[in-house]
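Hi,

Here's the structure I promised to pass on.

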Amino acid sequence: MQVKIEESWNAKLKDEFEKAYFKELAAFVKSEYQSHTCYPPGTTIFAAFDHAPFEKVKVVILGQDPYHGPGQANGLCFSVNDGILKPPSLQNIFREIQQDLGIPIPESGNLERWADQGVFLLNATLTVRAHQAGSHQNKGWELFTDSVIETISDEKEGVVFLLWGGFAKKKAKLIDDNKHLILTCGHPSPLSANRGFWFGNKHFSKVNAYLKEKGKQEINW
């Protein structure tokens with residue numbers, strides 16, 4: 001089957017697209033989009049890949065599920081479209097950046113500008129049915145995105161992986177920490193952040209310090 005995904009990623013993942021589980025997943029997703037309202041829009045399911053070609057990936061941020069409200073999800077984890085109210089987790093991400101680096105909180109919650117700098121904003125599950133969180137989990141997306149994480153770990157060096165919350169931290173086993181930097185902390189959701197597991201992590205300055213040490217362009221957060 002033909003998957004519309006950025007060229008460099010297609011070259012890396014083409015064998016994955018031919019596996020039986022992915023063909024079943026593709027049939028499921030196609031059926032869901034035909035019979036229900038699903039997010040993100042079909043053309044942006046692979047937006048994280050399209051904005052950050054394989055060779056440009058410097059930082060990986062892992063989310064779990066796309067937002068399931070109207071107009072929110074745009075294919076990048078934690079990101080929302082311009083003009084959409086920032087969800088609480090994203091507000092807390094911006095607040096930590098403000099505390100860490102002194103950068104004012106932006107008006108828009110659209111993180112395409114990060115993705116275009118090589119921040120790979122990957123959800124473990126790339127689609128969801130409207131108003132039904134987790135509705136497309138355990139259908140094959142996690143197998144696919146685990147393979148993506150392993151491919152980055154195996155074929156690149158000096159990437160920073162930001163694993164926020166219990167779900168993301170479990171992905172550390174897929175990453176070679178001899179070649180890459182793994183930073184972990186609590187999830188930016190209010191439940192975790194308000195209990196002291198998010199604020200003060202200084203992940204954003206740590207990312208830039210590591211990239212600078214490796215001779216790479218720092219991220220303009």
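**Helix packing notes**

Helix 1 passes helix 6 in a right-handed crossing (right-handed if the near helix is turned clockwise from the far one by less than a right angle, left-handed if anticlockwise). Before you read on: this is a predicted model, where local features need pLDDT of at least 70, side-chain atom pairs count only at pLDDT 80 or more, and totals for chains, interfaces and linings use all residues. Residues are numbered from 1 along each chain as its sequence is written, and side-chain values use heavy atoms, leaving out hydrogens and water.

Back to that pair: helix 1 (residues 7–17) and helix 6 (residues 141–155) pack at about 135°, with axes 11 Å apart. The axes are lines fitted to C-alpha atoms over the stretch in contact, and angles run from 0 to 180 degrees between N-to-C directions. Helices are DSSP runs (H or I, at least four residues) and strands are too (E, at least two), numbered from the N terminus.

Then there's helix 4 (residues 88–101). Its buried residues include Leu-90, Ile-93, Phe-94 and Ile-97 (buried means under 20% relative accessible area, with a 1.4 Å probe and protein chains only). The buried residues of helix 4 pack against helix 5 (112–115), strand 5 (160–164), helix 8 (190–193) and helix 9 (203–213), contact meaning heavy atoms within 4.5 Å.

With helix 9, helix 4 packs at an angle of about 60°, axes 8 Å apart. Just after helix 4, Gly-102 takes a positive phi of about 75°.

Cheers

Technical notes: Buried < 20%, exposed > 50% of the residue type's maximum accessible area, 1.4 Å probe, protein only.
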